[in-house]
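Hi,

Here is the structure I said I would pass on. Have a look at it first, and then read on for what turned up when I went through it.

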Amino acid sequence: MVRDPVCMMELDPRRATATAEYEGRLYYFCSDKCKDKFLAQPTVYVNKAPDMRLTVGVMGSSSHKQDPKVEKLVFSLGQAIAKRGFILITGACPGLPYECAKGARSLGGLSIGISPALSLDEHVHKYQSPSDTYDAIIYTGSGLMGREVTNIRSSDMVIIAGGSSGTLGEFAIAYDEGKLIGILKGSGGIVEEIPKIVNQFDKDTGARLIYSTDPDDLMDKLSHMYSTEHYKHPSCFCESYNKSL
């Protein structure tokens, strides 16, 4: 349960009338009237009730060889996530997720790496992955494929940036589990093929896709979609979504 920071009413988050994202945190309201009152003076209410930061998972190619233009684009994505106050989640791997984590760190953003390894030693030596950009690394010991599930389920929003078969697997998990998914156009790899792939699907999982070439625009659109609609059914593992089927 959550609490409306204006009237202090206790709420089921999936049945809240409205939400608002402010500085990366999501607040729930019993009515549009309380939401409007909050948005008019957010600093008056932000500490009245517990809240949580939204998490953004960025999935992409872990190859050490990347197009410098794409690296710069994904670095900017990390900065856009940090500017909004969201928590960045990546697979703690090299390549584009690492560039994103560096971008977030450059602006003081909070970054968590979900490692396939059992330990820091295994993370660095077996998986040859970086450890210098994260505020925390979670060692799943699940290997590369098992780690992907944790990545997706820990993310309120998932962004696909470039990538190949591994990233396609992460996209498939996010799609099948009804996630809100951002597609960073212009980042190459499978991104350019996703519209064709999705057209082949014949099922409504509850997933929603948003496309943009601009990282800031993508974050704005994802935040709007999450706080106005997707918070009611953030994944297929949500009672309110299952009851609507």
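Valine 56 sits in strand 6, and at 0% relative accessibility it counts as buried. Bear in mind as you read that this is a predicted model. Leaving aside neighbours within four places in sequence, valine 56 is in contact with Ile81, Phe86, Ile87, Leu88, Ile89, Ser155, Met157, Ile159 and Met219.

Not counting residues up to four places away in sequence, Ile159 touches Val56, Gly57, Val58, Met59, Leu77, Gly182, Leu184, Leu218, Met219 and Leu222. Which residues have the most contacts inside the largest nonpolar core? They are Ile81, Ile159 and Met219, in a core of 35 residues. At least two residues of this core come from each of strand 4 (25-29), strand 6 (55-60), helix 3 (68-84), helix 4 (96-106), strand 10 (157-161), strand 11 (180-184) and helix 9 (215-228). Helix 3 gives the largest share, 7 residues. Apart from this core lies another, of 15 residues, and Met59, Ile152, Val158 and Ile194 are among them.

Ile152 leads on to helix 6 (residues 143-153), where the buried residues are Gly143, Arg147, Glu148, Asn151 and Ile152. An α-helix has 3.6 residues a turn, so residues three or four places apart point the same way. Keep that in mind when you look along this one. The buried residues of helix 6 pack against strand 6, strand 7 (87-90), strand 8 (111-115), strand 10 and helix 7 (165-176).

Helix 7 is also the place of threonine 167. Is that threonine buried or exposed? With a relative accessible area of 4%, threonine 167 is buried, because the cut-off for buried is under 20%. Leaving out residues up to four places away in sequence, threonine 167 touches Met59, Gly60, Ser61, Ile160, Gly162 and Ile190.

Glutamate 23 has a positive phi of about 50° although it is not a glycine. It is found in the loop between strand 3 (18-22) and strand 4, and glutamate 23 is exposed, with a relative accessible area of 57%. Glutamine 128 has a positive phi too, near 50°, and is likewise a residue other than glycine. Its place is in the loop between helix 5 (120-125) and strand 9 (136-139), and glutamine 128 is exposed, at 56% relative accessible area.

Zooming out, the protein has 10 helices and 12 strands. A compact globule of 245 residues would have a radius of gyration near 18 Å, and the 18 Å of this protein agrees with that. The C-alpha atoms fill a box of roughly 50 × 40 × 35 Å along the principal axes. Buried residues make up 51% of the 245. Of the contacts with a separation of 6 or more, 67% are between residues 24 or more positions apart.

The mean positions of the 27 positive and 30 negative charges are 3 Å apart.

Cheers

How values were computed. Residues numbered from 1 in each chain as written. Predicted model: local features only at pLDDT ≥ 70, side-chain atom pairs only at ≥ 80, totals over all residues. Heavy atoms only, no water. Helix = DSSP H or I, 4+ residues; strand = E, 2+ residues; numbered from the N terminus. Rg over C-alpha atoms; globule rule 2.2 N^0.38 Å. Buried < 20%, exposed > 50% of the residue type's maximum accessible area, 1.4 Å probe, protein only. Contact = heavy atoms within 4.5 Å. Lys, Arg positive; Asp, Glu negative; His and termini not counted. Charge placed at Lys NZ, Arg CZ, Asp CG, Glu CD. Core = buried A, V, L, I, M, F, W, Y, C linked by side-chain atoms within 4.5 Å.
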